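Open the model in your viewer and keep the selection tool handy.

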Amino acid sequence: MTVARWLSLALPLAAVLAVGAQERDRSVRAAGLLAFLTAGIGIAALHEVARLAGWYAFAPVDGAYRGMPVDLWIGWAALWGPLPVLLRRVLPLPIALGLLLWVDAVAMPALHPLVDLGPHWLVGEVVGLLVVALPAQLLGRFSADRRHLGARTSLQVGVFAVLLLWFVPSLAFEVGGGSWAGLTELDRTGLLLVAQLALLVAAPALAAVAEFAVRGDGTPYPWDPPRRLVTTGPYAYLANPMQLAAVALLLFTAAVTRSATVALAAVSAAAFGAAVAGPHEHHYLRTRYGDSWRSYRRQVRDWWPRWRPYPSEPSAVLWLDDDCGPCAALWRMVARRHPVGLRIRPAREHEHVLWRAEYVGGDGHTERGVAAVARGLEHVHLGWAFVGWTLRLPVATWLAQLVTDAMIAPPHPARPRGEPCPTPSSVSSTAPSPPSASTASPVSPPGPSAPRPE
């Protein structure tokens with residue numbers, strides 16, 4: 001078994017190193033590393049399912065993590081992650097997945113008695129390829145070629161959520177105290193409450209990820225960063241919203257699972273971010289963005305948020321129907337709080353007919369409906385900004401828009417002053433539908449757009 005374990009580790013790693021040595025693009029090698037991380041976490045989760053389903057098991061050996069030999073785990077992750085990514089130009093995805101299935105079908109029986117196969121182990125192989133190898137390949141290939149920004153951002157969010165909320169605590173439980181019993185013993189109401197609190201803690205991080213994608217054309221992965229300096233959204237209040245939310249989520253998990261080891265992991269993550277990752281990131285951003293970044297960092301801290309947002313230029317515009325009761329009330333509420341970097345203008349003065357509130361950022365980014373209102377709240381202060389980030393969570397936005405359309409103010413064209421604002425009960429089912437976001441004409445901000453640093 002010693003030889004089998006050594007070969008299972010050495011052969012995939014040697015192949016990755018040999019192919020990686022021919023790749024001169026650092027971002028491609030980093031994409032391979034991301035695929036390795038994705039595959040490694042996925043294989044660990046697959047192992048837990050395989051033990052319950054009886055697909056396969058490993059012989060008791062030294063150097064194992066929860067019964068899985070670490071060397072076999074690393075070699076498997078290298079085979080399912082970076083190797084096909086680095087060979088993507090000569091190995092299309094369907095062929096790569098077919099080859100991985102063939103290699104496993106040959107290797108798994110040959111590894112007996114290290115690997116004990118159940119009667120339905122091939123089912124486990126197919127499941128593993130679909131839920132572990134396929135996402136690892138998609139993320140690695142999209143990141144290597146900088147394609148499909150939305151897909152690779154969503155995949156990154158999924159990977160890092162599993163890493164933070166499952167893998168790190170599980171590893172901490174293995175080396176220290178605590179267990180998942182603190183969660184599994186809760187009833188359905190308790191689990192729902194914990195999930196909602198966790199989502200609220202994560203809201204600034206999720207908003208920051210979206211800001212990187214829609215305003216910066218990039219992702220949170222350090223080797224796939226935004227192409228433009230992002231100082232809006234959560235970044236108008238804090239330079240490290242994702243890191244702070246990650247530490248807060250780990251501390252929340254530590255409290256729920258009663259694990260001092262998970263709390264120590266949270267403290268270690270904060271220390272690493274401040275002492276190691278922070279200086280490297282500062283050097284990169286200072287070199288790339290120069291005075292723009294220096295001006296921003298003089299006013300926005302790493303770990304302690306501002307109460308009022310950093311003023312980005314030029315100002316954003318929130319278009320509201322000032323002759324409609326709910327919109328007028330919202331206008332007064334926001335205006336009384338003197339929003340930073342936001343002008344509110346009557347929707348009837350817009351060059352196009354608006355059916356819902358519209359937000360136009362200084363860089364031309366637009367939002368409509370509840371999402372536009374949420375964007376406007378980001379310009380008030382930290383408390384209202386947090387409400388806005390929560391409203392901009394995908395499901396929350398949809399639900400809030402549904403309630404608004406049905407019970408508060410249905411979509412309607414902005415009317416000349418003095419005409420009554422329609423109510424949900426007065427809207428005929430035969431009224432024309434508002435143009436969808438996908439077919440509406442693009443709207444430019446009233447003022448000149450800000451130059452975008454490249």
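Which helix lies across β5 and β6? Select residues 325–336 and you have helix α13, which runs at about 155 degrees to β6. Bear in mind as you look around that this is a predicted model.

**Stop 1: the sheet beside that helix**

Now show the strands. β6, β5, β7 and β8 line up in that order as an open sheet of four strands with mixed pairing. Colour β6 (342–346) and β8 (366–368): these two stand at the edges, and each has a single partner strand, so one side of each is left without a neighbour in the sheet. Going from one strand to the next, the twist averages 20 degrees.

For a closer look at one pairing, select β5 (residues 316–320) together with β7 (residues 358–360). They pair in the antiparallel sense, over three bridges. Click on Val-317 and look for its bridge partner in β7, which is Val-360.

**Stop 2: from α14 to α15**

Show side chains to see what makes the contact. From α14 come Val-370, Ala-374 and Leu-377, while α15 supplies Trp-384, Ala-385, Val-387, Gly-388 and Leu-391. By class, the residues of this contact are seven nonpolar, one polar and no charged.

**Stop 3: Gln-401**

Move on to helix α16 (residues 394–408) and pick out Gln-401. Is this residue buried or exposed? Its relative accessibility is 16%, and because buried means under 20%, Gln-401 counts as buried. Setting aside neighbours within four places in sequence, Gln-401 is in contact with Arg-356, Arg-368, Gly-369 and Val-370.

**Stop 4: another helix pair**

Select α7 (residues 149–175) and α9 (residues 188–216). The axes of α7 and α9 come within 10 Å and cross at roughly 155 degrees, and therefore these helices are also roughly antiparallel to each other. Here the crossing is right-handed.

Which residues of α7 and α9 meet? On the α7 side, highlight Leu-149, Thr-153 and Val-157; on the α9 side, Leu-206, Val-209 and Ala-213. That contact has five nonpolar residues, one polar and no charged.

**Stop 5**

Go to residues 70–80, which form helix α3. Nine of its eleven residues are buried, so α3 is largely enclosed by the rest of the structure.

**Last stop: zoom out**

Finally, display the whole chain. It has 16 helices and eight strands, and its C-alpha atoms fill a box of roughly 85 × 50 × 45 Å along the principal axes. Of the 454 residues, 45% are buried. Among contacts with a separation of 6 or more, 71% come from residues 24 or more positions apart.

Terms used
Residues numbered from 1 in each chain as written. Predicted model: local features only at pLDDT ≥ 70, side-chain atom pairs only at ≥ 80, totals over all residues. Heavy atoms only, no water. Contact = heavy atoms within 4.5 Å. Nonpolar A, V, L, I, M, F, W, Y, C, P; charged D, E, K, R; others polar. Pairing = 2+ DSSP bridges. Axes fitted to C-alpha atoms, helices over the stretch in contact; angles between N-to-C directions. Parallel < 35°, antiparallel > 145°, perpendicular 65-115°, else oblique. Left-handed = near helix turned anticlockwise from the far one by under 90°. Buried < 20%, exposed > 50% of the residue type's maximum accessible area, 1.4 Å probe, protein only.
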